[in-house]
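Please consult the sequence and the structure below while reading.

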Amino acid sequence: MNQAITSPAALRGALRVPGDRSITVRAVLLGSVADGTGIIRNGLDCDDTNAAIDIMRALGVAIHAAGAALCVEGTGLHGLRPAGAPLFCNASGTTMRLLAGLLAGQAFASALDGSAQLRRRPMRRITEPLELMGAAIRSTGDGAPLYIEPGALHGIEYAMPVASAQVKSALLLAGLYADGALVVRESAPTRDHTERMLAAMGVEITASDLVVTMRPPHHLRPLDISVPADFSSAAFFLVAGVLHPRARIELGGVGLNPTRTGLLQALNAMGADIRIQNTTTQGGEPAGDLLPAPGELRGIEVAGDLVPLMIDEFPIFAVAATQARGTTVVRDAQELRVKESNRIDGLAAELRKMGARIESTADGFVVEGPTPLRGAAVDACGDHRMAMALTVAGLIAQGETTIVGAECVSKTYPTFYADLARVTANHA
Ligand code: S3P
């Protein structure tokens, strides 16, 4: 699908973007092995979460809609049954990596596969530590498909070489089935939704000074969770609300877990004016409303511990950087090369087509600004966040922008273009 974008006269209105993808996938997986029926309110309905739901159904879990919510009839830790066919994770890295941990602890064999895009993504980062725990996993090279055999799992102490919440979470899910405590050492803080959810389900888990310790539980209490709006989806409208000169957007009920909101820190350092109000706690996670105001930005450096806290926001951050005065430098972000696309090279190539001055580096990129953007045909690279970031670039560009392959937004935000139409309508 090609999506045409032109700069609207204004951006106006209140939006509640859909529920958090990372939290929804975790709630589906963990809810499936809870002792009884749990409920997920405001969960996200998208390709990634549907992959997780379909797989848990194939493993014998009854999951059904209850009004706008989702009921998950947990089977208990040992109640899953073999699916009898490979489990298809589509393009969801979160589903594949977390599920590999969960399935490593089962008494039956499973095969995990995914789309061509997911097959290209690195899996050794999870198979290696899972094998250290005693899991038996076969794979071809570094990627999927993964063939998981039953194995007795042990508690281990593991220092993660990459800062990755997916690796940490895969180990925690396997750790539910281990014969002793699991200790995971992080190299930098990463999103902690799994730890929060496990604690809410009654698991003895502590996290401090980058060390997560968990004792294997006898059972998990079912969840009743209200999922906050996804910060990573709100990020596109947040930046649009800063960059478009006639924007007045309000983003309601957004998840503000500090392990996710590095983009707010970065935008604040650039001089952005973003108000936060009505802060609450929702489903064990902080949330609140975001009110960005248009204004000038200055270039900054992003590196080190800030990188994992905004790991999914670099495509939209790069768009913001094109409008900032001076130089913006991103370092220590080599992980961007192994996301849904190689975001370092993709961002440089596509934003340059719009007139941006951006150079890729081995572990990030350098942007000189501000540059007026001009409409162009740009490629989403099969990557939902590239599609949405380039769309926001189109909102401030002169002339028409065409997003080639925009349908990939369905991975995490199927209603993105409908929400955009709501805030761009009738403001001539
Ligand atoms: C995620 C963690 C991050 C993020 C991904 C979702 C998660 O990946 O990029 O979109 O839900 O745990 P890494 O753990 O590979 O950094």
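How near do the axes of helix H1 (residues 21-32) and helix H7 (residues 193-200) come, and at what angle do they cross? The two axes come within 10 Å and cross at roughly 40 degrees. H1 and H7 are therefore oblique to each other, a class left for angles that are not under 35 degrees (roughly parallel), over 145 (roughly antiparallel) or 65 to 115 (roughly perpendicular). Their crossing is right-handed, that is, the near helix is turned clockwise from the far one by less than a right angle.

The model is predicted: local features need pLDDT of at least 70 and side-chain atom pairs count only at pLDDT 80 or more, whereas totals for chains, interfaces and linings use all residues. Residues are numbered from 1 along each chain as its sequence is written, and side-chain values use heavy atoms, with hydrogens and water left out.

**Helix packing**

Two packed helices are described by the angle between their axes and the distance between the axes. The axes are lines fitted to C-alpha atoms over the stretch in contact, and angles run from 0 to 180 degrees between N-to-C directions. Helices (H or I, at least four residues) and strands (E, at least two) are DSSP runs numbered from the N terminus.

The crossing of H1 and H7 is right-handed. On the H1 side, Ser22, Ile23, Arg26, Ala27 and Leu30 make the contact, and on the H7 side His193, Thr194, Met197 and Leu198; contact means heavy atoms within 4.5 Å. These residues divide into five nonpolar, three polar and one charged. Here Ala, Val, Leu, Ile, Met, Phe, Trp, Tyr, Cys and Pro count as nonpolar, Asp, Glu, Lys and Arg as charged, and the others, Gly among them, as polar.

H1 also packs with helix H2 (residues 47-58), at an angle of about 5 degrees and with the axes 9 Å apart. That angle makes H1 roughly parallel to H2. Arg21, Thr24, Val25, Val28, Leu29 and Ser32 of H1 meet Asp48, Thr49, Ala52, Ile53 and Met56 of H2. By class, this contact has six nonpolar, three polar and two charged residues.

For helix H13 (residues 384-395) and helix H14 (residues 416-424), the axes come within 12 Å and cross at roughly 20 degrees. That makes H13 roughly parallel to H14. The crossing of H13 and H14 is right-handed. H13 contributes Ala387, Met388, Thr391 and Leu395, and H14 contributes Phe416, Tyr417 and Leu420. Six of the residues in the contact of H13 with H14 are nonpolar, one is polar and none is charged.

**Domains**

An automatic or database domain assignment gives domain 1 (2-18 + 228-424) and domain 2 (21-226). Their centres, taken over C-alpha atoms, are separated by 28 Å. In the contact between them, 29 residues of domain 1 meet 26 residues of domain 2. About 2300 Å² is buried between the domains, and carbon and sulfur atoms give 45% of that area. Buried area is the accessible area (1.4 Å probe) that two parts lose on being put together, summed over both.

**Backbone geometry**

| Peptide bond | Omega | Location of the proline |
|---|---|---|
| Alanine 144 to proline 145, cis | near 5 degrees | strand E9 (residues 143-149) |
| Glycine 369 to proline 370, cis | near -5 degrees | loop between strand E22 (364-369) and strand E23 (377-379) |

Asparagine 90 has a positive phi of about 55 degrees, although it is not a glycine. Asparagine 90 lies in the loop between strand E6 (87-88) and helix H3 (93-104).
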